[in-house]
Amino acid sequence: MNFSKKILIIGSGIAGIAASLKLKSYGLESTIVDKGNFIGGRIGTREEKVGKNTYYFFHGAQFFTAKSNNFKKVINLGIKEHYIKKFGDFSPPRFRGFPTMRNFLSNISEDINIQQNFKITGLKKINKKISALDEKSKSWNVFDAVISTIPAPQNLELMNNFPVLKQSLKTASYDACMALMFYFDEHPLKIPDYFEFYDKPSILSWMAASNNKRYWTAHTKGSYSNLNLNNNKLLIKNEILSSIEDFLSALMNKPNINFSSLHVWKYAKIKQIVVGKQIDPEFPIAIAGDFMEGPNVESAFISGEKAAELIFNRLS
């Protein structure tokens, strides 16, 4: 086949990066575009500057696990190259990017062309190719193939000209999540790095330290987040902080914590995966993300690889 294909991937999270890496293994180069400032999507890292020092909150996914051979290879390479480390003592093993979660993706994507602050607002058919509308230039650019990896509800807005994919995306649903970032006045001693509350009567689902134990993120359960998604953020902040303080008070004498910021993940955790096609039956356009496989990092990775394989076969 002709390997000088022009392929666009929308979204610089793990699904988009996995798709690009898989295409590269077939000899196909691609360009990833993303509307955000940083790569990673929900594998998020936020900086906190205190004087001359910079600290980090991991306000999205806290870790990843690996069952598939391909993802195990990615993790093993990262451990060898020191940008992935084991997190805690769990079974199955959990891993994190090092020194931040974003370093995981920045290292595996260093040979990929990625353009941030670049939003695609439309997709349409043109002959047997796909044309994409760039929001800034208002121009349409033609591609031999497109893979879109943004959350299913946002993907829906792009797929008006591709009814089969649009129908697939309609079957997915998400829970929202509130991520509250906080820090201790002093380094907390003798407490674990991670707590889960899934089976407890709490609005929290978990909370975890970053690579510095003073800096933590707490996530709320889907039931609470969905109900309060459009409510007053100050009230939400105070309610989450109160829950954190109540829990810590049972472990520490007068836990002195400080609020840093609140981030709302509208499409945080996939609740219902897609039932339907991943690639258009006629045109070289596919979708990928956790909404295709399941609510974890590895599922998004697997979905990206599958989309790349589908596109490769379509172009062959």
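**Entry 1. The model and helix α9**

I noted that this is a predicted model. I began with helix α9, which covers residues 297-315. I checked its length: at 1.5 Å a residue, its 19 residues should span 27 Å, and the end C-alpha atoms are 27 Å apart, which agrees. I then looked at the N-terminal end of α9 and found that N296 caps it. A side-chain oxygen of N296 lies 3.3 Å from the backbone nitrogen of E298.

**Entry 2. α1 against α9**

I recalled that a pair of packed helices is described by the angle between the axes and the distance between them. For helix α1 (residues 14-25) and α9, I found axes that come within 7 Å and cross at roughly 40°. The two helices are therefore oblique to each other. I recorded the crossing of α1 past α9 as right-handed. On the α1 side, the residues in contact are I14, A15, A18, A19, K22 and L23. On the α9 side, they are V297, A300, F301, G304, E305, A308 and I311. Sorted by class, this contact has 10 nonpolar, 1 polar and 2 charged residues.

**Entry 3. α2 against α9**

I next took helix α2 (residues 69-81), whose axis comes within 10 Å of that of α9, with a crossing of roughly 115°. That angle makes α2 roughly perpendicular to α9. I recorded this crossing, too, as right-handed. From α2, the contact uses N70, F71 and V74; from α9, it uses V297, E298, F301 and E305. By class I listed 4 nonpolar, 1 polar and 2 charged residues for the contact of α2 with α9. E298 of α9, which meets α2 here, is also the residue whose backbone nitrogen faces the capping oxygen of N296.

**Entry 4. Backbone features in loops**

I kept in mind that most peptide bonds are trans and that most residues other than glycine have a negative phi. Which residues does the cis peptide bond with omega about 0° join? I found S91 and P92, with P92 placed in the loop between β5 (84-86) and β6 (95-97). I also found a cis bond from F98 to P99, with omega near 5°. P99 lies in the loop between β6 and α3 (101-108). Lastly, I noted that N127 has a positive phi of about 55° although it is not a glycine. I located N127 in the loop between β8 (120-126) and β9 (129-134).

How values were computed:
Residues are numbered from 1 along each chain as its sequence is written. This is a predicted model: local features need pLDDT of at least 70, side-chain atom pairs count only at pLDDT 80 or more; totals for chains, interfaces and linings use all residues. Side-chain values use heavy atoms; hydrogens and water are left out. Axes are lines fitted to C-alpha atoms, for helices over the stretch in contact, and angles run from 0 to 180 degrees between N-to-C directions. Helices (H or I, at least four residues) and strands (E, at least two) are DSSP runs, numbered from the N terminus. Angles under 35 degrees count as roughly parallel, over 145 as roughly antiparallel, 65 to 115 as roughly perpendicular and the rest as oblique. A crossing is left-handed if the near helix is turned anticlockwise from the far one by less than a right angle, and right-handed if clockwise. Contact means heavy atoms within 4.5 Å. Ala, Val, Leu, Ile, Met, Phe, Trp, Tyr, Cys and Pro count as nonpolar, Asp, Glu, Lys and Arg as charged, and the others, Gly among them, as polar. The expected span of a helix is 1.5 Å times one less than its number of residues. A polar contact is a pair of N or O atoms within 3.5 Å; within protein, one must be able to donate a hydrogen and the other to accept it, and residues adjacent in sequence count only if both atoms are side-chain atoms.
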